[in-house]
Amino acid sequence: MLLRQGSRVAVVSPASAAKAELVERGVERLRGFGYEPVMMPHALARGPLYYAGTAEQRVADLHEAFADSSIEGVLCTRGGWGSAELLPLLDRELICANPKVFVGYSDHTSLHTWFWNECGMRTFYAPMVAADWSKDDGVDERTWRASIEGHGAWSVGAEDGLRVLRNGSAEGRLLGGCLAILEAGLGTPWSLRLEEPTVLFLEDIGTKPYQWDRMLQHLKFAGMMKNVRGVVLGDMSANVQPTEMELLEAACLHALRDFEGPITIGLQSGHVSMRNRSVPLGAWVAMKKAEMKEVAG
């Protein structure tokens, strides 16, 4: 599943309402990249509350996009909150029979997790229409083209913010997403299932050092770390001020003190201010020092 020049891509809002002007700007940039955006009926809906339509309307947009054989990708406008309440409503038979390139991050970690658990579908933690494509510098073209179009080998390294917290090497299935959403799923039928060697990617926004500590320990106590071979943490600039960065790193290392694999930090993917890197969830990757790349699994 890859996009190409001319691909029709559905624009959806599975969670919170997006600003129409940002969606429109993002759509124009997508056209400039060679895609044909298709607005789903409720992509610009506002309400009830902070949602982009009711749960039934939002899931209907997803089902319509997956059922349309002419559509090759499904791109979210923004995150916020709301994807998790769609999980009981998703049509497994429809979606698994019609895999698409699914793109989103943050709250959409719930959907990434569902697609992997239920369909084994590779998805993309990557720039969203209103949040990133609307900006002139919102999208990292190299990692987007490599992961989503297959132009060149996908890899990230020091130039993408990565640096080493604990040295070593590891291989595994790249899974994960927003830490708070993954932690919230624990104890539900939709918790992320890590059933093979895994490289776990975690990032977040507005999360203090003690909260990173607490949530990482919760993942450990819940047994989620059993098959994890390496940990990749995201860029932390959306979580703490530079003066607190040392404390945050120490908190993460404290929570992961019993974890023996390599740990890197700083990957500029998800909640970042510019050049959002695309991450192929479900890919088999290798970690070594401050580099991660897709390899044959």
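Helices (H or I, at least four residues) and strands (E, at least two) are taken here as DSSP runs and numbered from the N terminus. The structure is a predicted model, in which local features need pLDDT of at least 70 and side-chain atom pairs count only at pLDDT 80 or more, while totals for chains, interfaces and linings use all residues. Residues are numbered from 1 along each chain as its sequence is written, and side-chain values use heavy atoms, with hydrogens and water left out.

The UniProt annotation "active site", from an unreviewed entry, covers S106, E203 and H271. These residues are spread over 166 residues of sequence, yet they cluster in space, with a largest C-alpha distance of 8.4 Å. UniProt positions are given in the numbering used here, feature names are shortened, and such annotations may be inferred rather than shown by experiment.

Burial is described by relative accessible area: buried means under 20%, exposed over 50%, and partly exposed in between (1.4 Å probe, protein chains only). E203 counts as buried because its relative accessibility is 1%. S106 is likewise buried, with a relative accessible area of 11%, and it sits in the loop between strand 4 (101-104) and helix 4 (109-119). For contacts, the cut-off is heavy atoms within 4.5 Å. Leaving aside neighbours within four places in sequence, S106 is in contact with Y125, C178, I181 and H271. With the same exclusion, the contacts of E203 include Y125, C178 and H271, along with W212 and S269.

Helix 6 (residues 141-149) is the next element to consider. Of its 9 residues, 7 are buried, so helix 6 is largely enclosed by the rest of the structure. The buried residues are T143, W144, R145, A146, S147, I148 and E149. Their cover includes strand 3, strand 4, strand 5 (123-125), helix 5 (129-133), strand 6 (155-156) and strand 12. After helix 6 comes G150, with a positive phi near 75°.

Several loops carry backbone features worth a look in the viewer. Most residues other than glycine have a negative phi, and most peptide bonds are trans. The peptide bond from G47 to P48, however, is cis, with omega near 5°; P48 lies in the loop between strand 2 (36-39) and helix 2 (55-67). R275 has a positive phi near 45° and is found in the loop between strand 11 (263-267) and strand 12 (279-281), where it is partly exposed at a relative accessible area of 36%. K289 also has a positive phi, near 55°, in the loop between strand 13 (284-288) and strand 14 (291-294). With 52% relative accessibility, K289 counts as exposed.

W81, in the loop between strand 3 (71-76) and helix 3 (92-97), is partly exposed, with a relative accessible area of 37%.

Between them, 24 residues of domain 1 are in contact with 30 residues of domain 2.
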